[in-house]
Amino acid sequence: MTLTVCVGASGSGKTTFLNDVHKSHKCTYIRQYHNLRPYIKVSAIPAFDPTKLPYWDIYVNEKKDKSILVGGTIAGQFMAGLSGGQRKLLLFELIFQRTASQDNLLIVLDEPFAGVTDDFVPFIVGRLNEMRKKHNILLVTNDHVETLKTMADNTVIVSAIDRTKVKINEKEGVDRDTALLAMSIGDEYTQNSNNQDLKFFLDVELSKNGGVFGVAGFAVFSFGLFLLTFWNSNGGSEPLVLIAAGIVSFFTANPYFLQLTDWRIYQNEEAEALLHSSKMMNKMLKFGLTMTILVVICSLQYGVINACLTVDTLAGSNFYFGILFDSLSLLITVALLGLFTNMSFEAVQIFGGMPFLMMIFFSTTFSPGAGLNGLKNLRYLFARFYLWCMVPGYGELMEGCPENSIMLYLILASLTVPILFVCYKGAKAVYNKAKGAQAMTSR
C-alpha cells in the first residue's frame, strides 16, 4: 500500500487533480470543506467511538459528551458545536474507524491538515501511518509539506504553468492522464446496511434541531391565528376560507421544503465520509418524513376550515382528500427536485414553484369561464380546478367540471408531476446503463 502526497502552488490544480481521480475511480473522498448536518449529535453517529478523538476529554469533563453537536451552518442557520478544526478531525477519525475492517481501499483526502492546530498534527500523522498499512492514500496539502513528503512513498507536484504534465518524485514531464490512472488504484468501500442507520436517521431528524419541531410550532401559531380571525364564518364564505387556509398551509410547510436542497447536498457529502450506508435510503426516509409533515399540516387545514365555518359544506372525506392532494400537487415538485436531482437551490425554487404559478394561470379557479379557448383546456391538468368544482355554489361557475369521478380526476392530476418524474428517472437510468455497457464493449 502507498501514501501519495500531491503538492503545488495555490491555484495549480491540486484539488482538481483529486476531483479527477474521484471521477475516474470509486474511492472514499473527503473534501477540504466537507459538510455534515450541523444538528447531528457526535455521540449519535452509529458504529463510531468518539473517545478516540484527541479532544474528546474536554467534552467529557464538561459533561457535554452526550449533547455536543457537529455544528456548522445549513440553510442559512448556524448551530454551535465543534469547531472547524475539530470537525476535520472528526471526519478523519470517522474514515479511520470505518475503513479499519477492510483492505486495499483508495482513500482520497483534500487538505486533511487545514484548520487543524499543530498540537493535533501527531494524531493525524499516526492515523495516516496506520491507514497506509492497509490502504492506498492520496492526499493534497499546503500544510506541513515537508513532514508529509518525508512520510510519502510518492510525491506528485502539479504546476499552474503546464496542467497537462506533472512531476512524480524525481521524474519530470509525466503525462497527467497517465498519472491519474496510476493514482486510481484501490477498491471501493463496501457498505453494510443495518438497523442502526434507520435509528440514526430518526434520532437526528426528529431532534429539536432537525426542523420538525420548528414547523410544528409555526403550524400551531399560524392555524391558531387563522382560527381567531376566521371564526364563525357564515355559509357563502367557503371560497374565502378555503383560499386563506390553503395559503396558511402552503407557507407553513414551505420552510421545511425549502431546506431539502441543502439537506441533499450535505447527505451526499456524509455518504462520501462513510457516515451512513445508503444515500438513496436516507433520501427516501427524508421524503417519507416530508410527506408525513404535509399530511399533518393538511389535516390541520381541513380541521380549522370546518371549525371556522358555521355550515358543513366543506366537511367529509372527499374534501379532506381533495385538500390533501391539492397541497401535494403544489409542493411535491420541490421535494422531488430538492432530494432526487443535482439541481442548485435557485433552480429547485424556480422549477419547484412552477406548479403553484401555473395553477394560478391555468386552473381557472381564480377566473372561472375566462381565458383563451384551447389554452383553457390546460385546467384539466391541475388538481385545484377539480377541488373548486367540488365547492358548493362555486363549482357551478367552473367551466367543464366533470359530472362524475371528480375525486379520481383530482388525484390523477395531483400525481401528474410525480409520474412524469419517475418515468424520466427510469428512462435516464436505462440510458445510462446502456451507455455504460457500450463504453465497456468499446474498451
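Predicted model: local features only at pLDDT ≥ 70, side-chain atom pairs only at ≥ 80, totals over all residues.
1. Helices α11 and α12. Helix α11 covers residues 279-308 and helix α12 covers residues 317-340. Their axes come within 9 Å and cross at roughly 150°. An angle over 145 degrees counts as roughly antiparallel, so α11 is roughly antiparallel to α12. The crossing of α11 and α12 is right-handed. As for composition, the residues of this contact comprise 20 nonpolar, three polar and two charged.

2. Helices α1 and α6. Helix α1 (residues 14-24) packs against helix α6 (residues 176-183) with the axes 10 Å apart and an angle of about 60°. That angle makes α1 oblique to α6. The crossing of α1 and α6 is right-handed.

3. The disulfide. How many disulfides does a search of the whole structure find? The search returns one. The bond joins Cys389 to Cys401, with an S to S distance of 1.9 Å. For the pairing itself the criterion is sulfur atoms within 2.5 Å, and the pair meets it at 1.9 Å. The torsion about the S-S bond of Cys389 and Cys401 is about -80°, so this disulfide is left-handed.

4. Placement of the two cysteines. Cys389 lies in helix α15, which covers residues 383-389. Cys401 is in the loop between α15 and α16 (406-414).

5. Aromatic pairs. A pair of aromatic rings is described by the distance of the centres and the angle of the planes. With ring centres within 6.5 Å as the cut-off, the count for this model is 15 aromatic pairs. Ring pairs also link Tyr55, Trp56, Tyr59 and Phe120 into a cluster.

6. A charge over a ring. Which residue lies over the face of Phe96? It is Arg127, placed at 4.1 Å from the ring centre. The distance limit for such a contact is 6 Å, and the Arg127 value of 4.1 Å falls within that limit.

7. Positive phi at Asn232. Asn232 is not a glycine, yet it has a positive phi of about 65°. Asn232 sits in the loop that runs between α8 (212-230) and α9 (238-258).

8. Positive phi at Ser405. Ser405, also not a glycine, has a positive phi of about 60°. Ser405 is found in the loop between α15 and α16.

How values were computed: Residues numbered from 1 in each chain as written. Heavy atoms only, no water. Axes fitted to C-alpha atoms, helices over the stretch in contact; angles between N-to-C directions. Helix = DSSP H or I, 4+ residues; strand = E, 2+ residues; numbered from the N terminus. Parallel < 35°, antiparallel > 145°, perpendicular 65-115°, else oblique. Left-handed = near helix turned anticlockwise from the far one by under 90°. Nonpolar A, V, L, I, M, F, W, Y, C, P; charged D, E, K, R; others polar. Phe/Tyr/Trp six-rings, centres within 6.5 Å; stacked < 30°, edge-to-face > 60°. Lys NZ or Arg CZ within 6 Å of the ring centre and 35° of its normal.
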